[in-house]
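Welcome, and please load the model in your viewer. We will go stop by stop, with something to select at each one.

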Number of protein chains: 2
Amino acid sequence: MRLAELSERSGVSLATIKYYLRQGLLAPGSRVSATTAEYDESHVRRLRLIRALLQVGGLPVATARKVLGHVDDASLGRTIRMGAALWELPHGPDPDDDGKDEATAAARVEVDRLLEKLGWGTVREIGELSPAHRSLVVAVATLRRLGYAWDSELMAPYAELMHQAAVRDLDFVETHPSEEEKVETAVAAAILFRPVLEALHRLAQEEESARRYGL
Amino acid sequence: MRLAELSERSGVSLATIKYYLRQGLLAPGSRVSATTAEYDESHVRRLRLIRALLQVGGLPVATARKVLGHVDDASLGRTIRMGAALWELPHGPDPDDDGKDEATAAARVEVDRLLEKLGWGTVREIGELSPAHRSLVVAVATLRRLGYAWDSELMAPYAELMHQAAVRDLDFVETHPSEEEKVETAVAAAILFRPVLEALHRLAQEEESARRYGL
DNA sequence: ATGGTTGGATAGTGACACTCCCCAAGGAGA
DNA sequence: TCTCCTTGGGGAGTGTCACTATCCAACCAT
């Protein structure tokens, strides 16, 4: 198929597809002549993933490019590729300060205490290297600055809930047969499950709130 | 204290504070003369909440204004105010289509089935009116369009996990004594817990992934 | 041959948070 | 009193970023 059809099939405007091509998010079609290229199903699929990353995940284009780069990097094994791709995903706002203020230090202590309590040894080893770890520290520090003293005691139950969710996530990824698809699924899941979880969370809050206090 | 000091205490630049005043996010200080106004601790606190809404929550200024308006609306009871404030919080991207396509219809069916299965009667009554409900449908529809057939069977365990989280959320809000603070806490929690939960989720995925496949 | 389509590039749009700059009115020290 | 500095107020500008409009030369199908 050609550009026009690709646009129609994917629901993405022609100009936008050109933009993605220019930005290196979408691989060029196979050139059939100097002015024509042929696209296939993989491009449709990739376009949908791109839309998911940008619209749902809210990634900046540059980040999406890196993520997709890892997904495509056939020189790496699945686990590495998956980790690398997820590694690039957004980790919340960067700390304005350099992480040297009091709230951040306290947050770091609480996070370490939490990891020890949970026995998450692997993550503890990686420590500050993991964006997720860093962003957890930042988030807890923000809470503390606003006056909410979240400690490891309060966090632990939430962490265990999220661990149960993570087990399900990986089970879900396992259901896909091909290695290539697994990586893509893991990325898509990380991006797309977030709004689902968030909506479920909000719905659950509404339900529970109604149960306690009525409408 | 005056503007300069408020700026220093809150870490928000003078120009930005003026911008927030102009946008109606921050109440003007009490005028002590035609060219001078006095600010107090409540302004510092409010500024931090504003920063949380904008930076952490990523709300547009107009939305933040509405949310804060509900927080301040003393004419309403707590439950209503809390609900109204949370109601305004962002509910993911608006659907491009008008919700009439096939994927959206299928998603709606699955969501309804899920709510029935869970016995979340209250939310079911509100139905489409709730932004959370709508955004769940949109999210599930997006997943389906990408080829991941999430049904109520798969969602239910996640929903129950999030319900447990919601119970904890409300317990946490209950620990605050004053009604005023409860509303503010609920809003802050909805905004600030999200990055915490997300980071915990990501960390849990890393831990579980390392357990299964090694580093 | 001719009108439409393709890939390619440049410049522009619109939304948004934020910031610069200028103004007039005080307040404080000479 | 005069003068300098700060204050609050407001209009206009900045930078960013995804996206779009427009133009161009090449080329394919009718």
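Start by selecting chain A and colouring by secondary structure: chain A has 10 helices and two strands. Here helices (H or I, at least four residues) and strands (E, at least two) are DSSP runs, numbered from the N terminus. Walking along the sequence, the order in chain A is α-α-β-β-α-α-α-α-α-α-α-α. Its C-alpha trace in chain A spans about 65 × 45 × 35 Å along the principal axes.

A word on what you are looking at: this is a predicted model, in which local features need pLDDT of at least 70 and side-chain atom pairs count only at pLDDT 80 or more, while totals for chains, interfaces and linings use all residues. Residues are numbered from 1 along each chain as its sequence is written, and chains are lettered from A and ligands numbered from 1 in the order in which they are written.

**Stop 1: residues 1-70 of chain A**

Select this span next. UniProt, in an unreviewed entry, places "domain: HTH merR-type" here, at residues 1-70 of chain A; its positions are given in the numbering used here, feature names are shortened, and annotations may be inferred rather than shown by experiment. The span is 63% helix and 10% strand, and its end C-alpha atoms lie 26 Å apart.

**Stop 2**

Show α3 (residues 41-56) and α10 of chain A. Their axes come within 10 Å and cross at roughly 35°; axes are lines fitted to C-alpha atoms, for helices over the stretch in contact, and angles run from 0 to 180 degrees between N-to-C directions. This crossing of α3(A) and α10(A) is left-handed (the near helix is turned anticlockwise from the far one by less than a right angle; clockwise would be right-handed). To see the contact, pick A:L49, A:A52, A:L53 and A:V56 on α3(A), then A:E184, A:A188, A:I191, A:L192 and A:P195 on α10(A). Two residues are in contact if their C-beta atoms, placed from the backbone, lie within 7 Å. By class, this contact has eight nonpolar, no polar and one charged residues. Ala, Val, Leu, Ile, Met, Phe, Trp, Tyr, Cys and Pro count as nonpolar, Asp, Glu, Lys and Arg as charged, and the others, Gly among them, as polar.

On α9(A), select A:D169, A:F172 and A:V173; on α10(A), select A:K182, A:T185, A:A186, A:A189 and A:F193. These contact residues divide into five nonpolar, one polar and two charged.

**Stop 3: chain B and the axis**

Bring in chain B. How is chain B superposed on chain A? A rotation of 180° with 0.0 Å of shift along its axis does so, with an RMSD of 0.1 Å, by least squares on the C-alpha atoms of residues with pLDDT of at least 70 in both. That is the relation of a two-fold axis. Centre on B:L161, whose C-alpha is the nearest to the axis in chain B, at 3.1 Å.

The contact between the chains takes 59 residues from chain B and 58 residues from chain A. On the chain B side, α10(B) gives the most, with 22 residues. That side holds 34 nonpolar, 13 polar and 12 charged residues. The copies meet through the same surface, because 98% of the interface residues of chain B are also interface residues in chain A.

**Stop 4: the DNA**

Of the 21 residues around DNA strand C (C-beta atom, placed from the backbone, within 6 Å), A:L3, A:A37, B:Y19, B:S33 and B:A34 come nearest. The largest share of this surface, three residues, comes from α2(B). Its classes are 11 nonpolar, eight polar and two charged.

Then turn to strand D. Among the 22 residues around DNA strand D, the nearest are A:S33, A:A34, A:P60, B:L3 and B:A4.
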